[in-house]
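Please keep the sequence and the coordinates at hand while reading.

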Number of protein chains: 2
Amino acid sequence: MTGTLSSKHPDLECVTRDDIAAMDPRERVNFVNSLPGFKSLILVGTRNGAGLPNLSIISTAIHLGSDPPLLGMICRPAKVERHTYENIKETGTYTFNHVHESFYPQAHQTSARYPREISEFTSTGLTEFHHPEVTAPFVAEANLRIALKLVETLPVQANGVTLLVGEVIHVFYPTAIRERDGYLDLGEAGTIAGAGLDAYYRANRLDRLSYAKPDRPLTSLERGIGDPEASPPIR
Amino acid sequence: MTGTLSSKHPDLECVTRDDIAAMDPRERVNFVNSLPGFKSLILVGTRNGAGLPNLSIISTAIHLGSDPPLLGMICRPAKVERHTYENIKETGTYTFNHVHESFYPQAHQTSARYPREISEFTSTGLTEFHHPEVTAPFVAEANLRIALKLVETLPVQANGVTLLVGEVIHVFYPTAIRERDGYLDLGEAGTIAGAGLDAYYRANRLDRLSYAKPDRPLTSLERGIGDPEASPPIR
């Protein structure tokens, strides 16, 4: 397959909840992980109480609000993210580091089940970056690096995962990617997107669109300019 | 700017929590919404108790688990997603429809604050697709369409948003995008990715990588083949 399917594709399969339950477990994780669409790819940096660093890739980072600036992530306490979760609970601090196209295989490799005493920085060849006010390690190869403070944990009863709510404390980013209205151009930064469990995608910008109103047509926003009147804060 | 920045970019700005608090509100929403990385773009279809349809774009869809198949989304009860949230609470049913490159301006336009009695299908020109077993409307132009049943709502104390947990009941997708191991190729499907509040990106696949283990090198997965022994279920 080489092209991209047109919209309103005529030939759709239908899979039901029972079909999903009957799938081979490997097939099911691949299939269901494809359903939410493209995913954020973030390396989470933490340190335990003894100072040992840990690095783990997640694909469940989400925006929760901008004032205060809050980001969420999902942890599966019994799974590979266990060290990350325990370190965050222990220290209250963690970092989000955007996965750049140049090191996505190393980012993927952090999902291997290394023993607790092994640093994923050492084993994957990624470099620790330290900031005097932040206990948790950043990834020096990441163009966007964010320090967070844990403010809330919400257990999901339906399957035992946990939503961690973090407040943004520091943000590091290349000056050149910040547009005049505050938007950071992630494509220009080399940040990539994920899909499923193991698929990696380069992102190419199609457009930015003006703030939508019922009674006026959308316009394409020029880079960093926009129309201030047309873009009131909505979140 | 025309290229993509290299990794380990030498010229990083540092912005603190206080700097973010001092930003103009418009700048702050653009800036903070850029931080979680690339986002899923989903049109949520709902219907109220009287049968009136509603359609709303979200960028907070996340995978919560595959067995049972659970997807999450964030609702801001006081904001534009209010009709969506009220309809989901009223009927318990909703649909996720992947945004395709051919209709992202219409998808963006659903974020306008239409009165409750106006259908975003009518106002944006998107087409309702009905399934006899699903109350909520799907988007006929979407290649991937998912019906969900609400199973849990989790209020986030820190800022008053709510995590909705939905179980996957039906999935419609083009036969051609399903790879042999269950992965659905979202790039081939024409699904796009978002960033910030209003930026839209086409995704081009770089690779799929084998299941990571501490003691063996990663391999590139051939399309739909993979190495079953190397890919045990991890979520």
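Domain bounds, as the word is used here, come from an automatic or database domain assignment. On that basis chain A of this predicted model is divided into domain 1, residues 36-204, and domain 2, residues 208-235. The C-alpha centres of domain 1 of chain A and domain 2 of chain A lie 30 Å apart, while the C-alpha trace of chain A spans about 60 × 50 × 35 Å along its principal axes. Chain A contains six helices and 13 strands, and 54% of its 235 residues count as buried. Among the contacts in chain A between residues at least 6 apart in sequence, 58% join residues at least 24 apart.

The relation between the two chains can be taken next. Chain B is superposed on chain A, with an RMSD of 0.0 Å, by a rotation of 180° with 0.0 Å of shift along its axis, which is the relation of a two-fold axis. The same surface serves both copies, since 100% of the contact residues of chain B recur in chain A. Of the residues of chain B, B:A203 comes closest to the rotation axis, its C-alpha lying at 2.3 Å. Across the interface, 122 residues of chain B are in contact with 122 residues of chain A, and on the side of chain B that touches chain A these residues divide into 68 nonpolar, 31 polar and 23 charged.

Strand pairing also crosses from chain to chain. Strand β13 of chain A, residues 199-208, and strand β13 of chain B, residues 199-208, pair in the antiparallel sense over nine bridges, with A:R205 standing opposite B:Y201 in β13(B). These two strands belong to an open sheet of six strands with antiparallel pairing, whose order is β2(A)-β12(A)-β13(A)-β13(B)-β12(B)-β2(B). At the edges of this sheet stand β2 (39-40) of chain A and β2 (39-40) of chain B, each with a single partner strand, so that one side of each is left without a neighbour in the sheet. Another pairing between the chains joins strand β11 of chain A, residues 162-174, to strand β1 of chain B, residues 12-16, through five bridges in an antiparallel arrangement, and here A:P174 stands opposite B:L12 in β1(B).

Within chain B, strand β10, residues 145-155, can be followed on both of the pairings described here. Strand β7 of chain B, residues 93-98, and strand β10 of chain B pair in the antiparallel sense over five bridges, and the bridge partner of B:N97 in β10(B) is B:R145. Ten bridges join β10(B) to strand β11 of chain B, residues 162-174, which again run antiparallel, and B:L154 stands opposite B:L163 in β11(B). β10(B) and β11(B) form a hairpin with six residues between the strands, in which B:G160 takes a positive phi near 80°.

A second hairpin of chain B is formed by β5(B) and β6(B), with two residues between them. Strand β5 of chain B, residues 62-66, has five of its five residues buried, so this strand is largely enclosed by the rest of the structure. β5(B) pairs with strand β6 of chain B, residues 69-75, in the antiparallel sense over four bridges, and B:S66 stands opposite B:P69 in β6(B).

Which residues of α2(B) are buried? They are B:R28, B:V29, B:N30, B:F31, B:V32, B:N33 and B:S34; with seven of the ten residues of helix α2 of chain B, residues 25-34, buried, this helix is largely enclosed by the rest of the structure. Both chains contribute to the surroundings of the buried residues of α2(B), which pack against β5 (62-66), β6 (69-75), β11 and α6 (186-189) of chain A together with α1 (17-22) and β12 (193-195) of chain B.

A single residue may close the tour. A:I42 has its place in strand β3 of chain A, residues 42-47, and it counts as buried because it has 29 C-beta neighbours inside 10 Å, where 20 or more are required. Leaving aside its neighbours within four places in sequence, A:I42 is in contact with A:I58, A:A61, A:F96, A:N97, A:H98 and A:V99, and also with B:G37. A:I42 and A:E120, by contrast, are 78 residues apart in sequence and 14 Å apart in space, C-alpha to C-alpha.

Notes: Residues are numbered from 1 along each chain as its sequence is written. Chains are lettered from A and ligands numbered from 1 in the order in which they are written. This is a predicted model: local features need pLDDT of at least 70, side-chain atom pairs count only at pLDDT 80 or more; totals for chains, interfaces and linings use all residues. Two strands pair if DSSP finds at least two bridges between them. Two residues are in contact if their C-beta atoms, placed from the backbone, lie within 7 Å. Ala, Val, Leu, Ile, Met, Phe, Trp, Tyr, Cys and Pro count as nonpolar, Asp, Glu, Lys and Arg as charged, and the others, Gly among them, as polar. A residue is buried if 20 or more other C-beta atoms lie within 10 Å of its own, exposed if 12 or fewer, and partly exposed in between; C-beta atoms are placed from the backbone. Copies are superposed by least squares on the C-alpha atoms of residues with pLDDT of at least 70 in both.
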